[in-house]
Amino acid sequence: MVYPKPLHPGDTVRLIGVASRIEGDDLPLEVRKRAEMLEALGFKVKVDASCYRKYGYLCGTDEERAKTLMAAFDDDGADGVWCIRGGYGCLRLLPLVDWQVIRANPKAFVGYSDITTLHMAINQRCHLATFHGPMPGNLPEATWAKQSLLAALAGDADETLSPAELPPPEVLHPGVGTGEITGGNLSLVTASLGTPDEIDTEGKLLFLEDVGEKVYALDRYLYELKQAGKFAACSGVILGQFTHCPAEEDGFTLQEVLRDVFADVHKPIVSGLWAGHVDNSLTVPLGRKYCIDTCRGNVYRCE
């Protein structure tokens, strides 16, 4: 795995639109607000033209968005690439990307939600570590969450994935497991099955989170991954936040679904990492090696 050059405040990031377009009556104002949020963290921001595009619910056609991604990595004047929004659309552009451009120009790449699709492809096709981290619309305000983001980008991620200010993740199954972290949004991880970019969990720690899905849908996604052998292949599972995921009346709760799906998965499994579609989300370095050690009660960096 190739690790990108450390990204520090004062460096230049290219803000790009590769998924859903920005909403709002005054689009230039909305984009400017997001750029200013990154500037408040200390970064210089180059706003890509893609942030202003409208094509249905997307930031441009598939071809435009694929070119946007490649141009951002190929930009010698940018030290990092930051996605302005998730939503939907990244799956459509995968066949149009020249991955050699990204391999030849490794940079810090930040985003989450629909950006999970690009994280998986970049990690596996380019062997480049990336960052499941907040986008400008929900940059962290809490000191510990800012530290998680800035330290990860600088290559100085804390020893533990969850800081002392937060309770450690709950142990669903005890044990010790080590590997590079992969994954992200559960629905998009599942959508990769059967495609050229199907997630590879062999010997890795699988991180999963989601938002706005009913519990029965999460149940289906998790069993799809299980029956595809993804839990059997991984070295452990890290469950993040499942935000606004209501149970049906008289149906299973999320905890009951997790109990059932992981009952015979004899790997270390922890739940409740403060990462995903939540305020002050922690930044998860994808492609970095960590260790789940349930006796120590957290997820630890191994390198």
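Predicted model: local features only at pLDDT ≥ 70, side-chain atom pairs only at ≥ 80, totals over all residues.
Colleague: How many helices and strands does the chain have?
Modeller: Helices (H or I, at least four residues) and strands (E, at least two) are DSSP runs, numbered from the N terminus. On that basis the chain has 10 helices and 13 strands.

Colleague: What is the radius of gyration of the chain?
Modeller: The radius is taken over C-alpha atoms, and the globule rule is 2.2 Å times the number of residues to the power 0.38. For 303 residues the rule gives 19 Å, and the chain comes close to this, so it is as compact as a globular protein of that length. The C-alpha atoms fill a box of roughly 50 × 40 × 35 Å along the principal axes. The radius of gyration is 18 Å.

Colleague: What percentage of the residues in the chain is buried?
Modeller: Buried means under 20% relative accessible area, exposed over 50%, and partly exposed in between (1.4 Å probe, protein chains only). Of the 303 residues in the chain, the buried ones make up 59%.

Colleague: How far apart are the mean positions of the positive and negative charges?
Modeller: Lys and Arg count as positive and Asp and Glu as negative, without His and the chain ends. Each charge is placed at NZ of Lys, CZ of Arg, CG of Asp or CD of Glu. For the 29 positive and 42 negative charges, the separation of the mean positions is 5 Å.

Colleague: How many salt bridges does the count come to?
Modeller: Side chains of opposite charge can pair when their charged atoms come close. The rule requires a side-chain nitrogen of Lys or Arg within 4 Å of a carboxyl oxygen of Asp or Glu. The count comes to 17.

Colleague: With which residue does Arg14 form a salt bridge?
Modeller: The closest N and O atoms of the pair are 2.8 Å apart. Arg14 lies in strand 1 and its partner in the loop between strand 2 and helix 2, so the pair ties together parts that are 34 residues apart in sequence.

Colleague: Is Asp75, the salt-bridge partner of Lys46, buried or exposed?
Modeller: Lys46 and Asp75 meet at 2.7 Å, N to O. Lys46 lies in strand 2 and Asp75 in the loop between helix 2 and strand 3, so the pair ties together parts that are 29 residues apart in sequence. Lys46 counts as partly exposed at 33% relative accessibility. At 12%, Asp75 counts as buried.

Colleague: Which residue forms a salt bridge with Lys230?
Modeller: The closest N and O atoms are 2.9 Å apart. Lys230 is in helix 9 and the partner in the loop between helix 7 and strand 8, 32 residues apart. The partner is Glu198.

Notes
Residues numbered from 1 in each chain as written. Heavy atoms only, no water.
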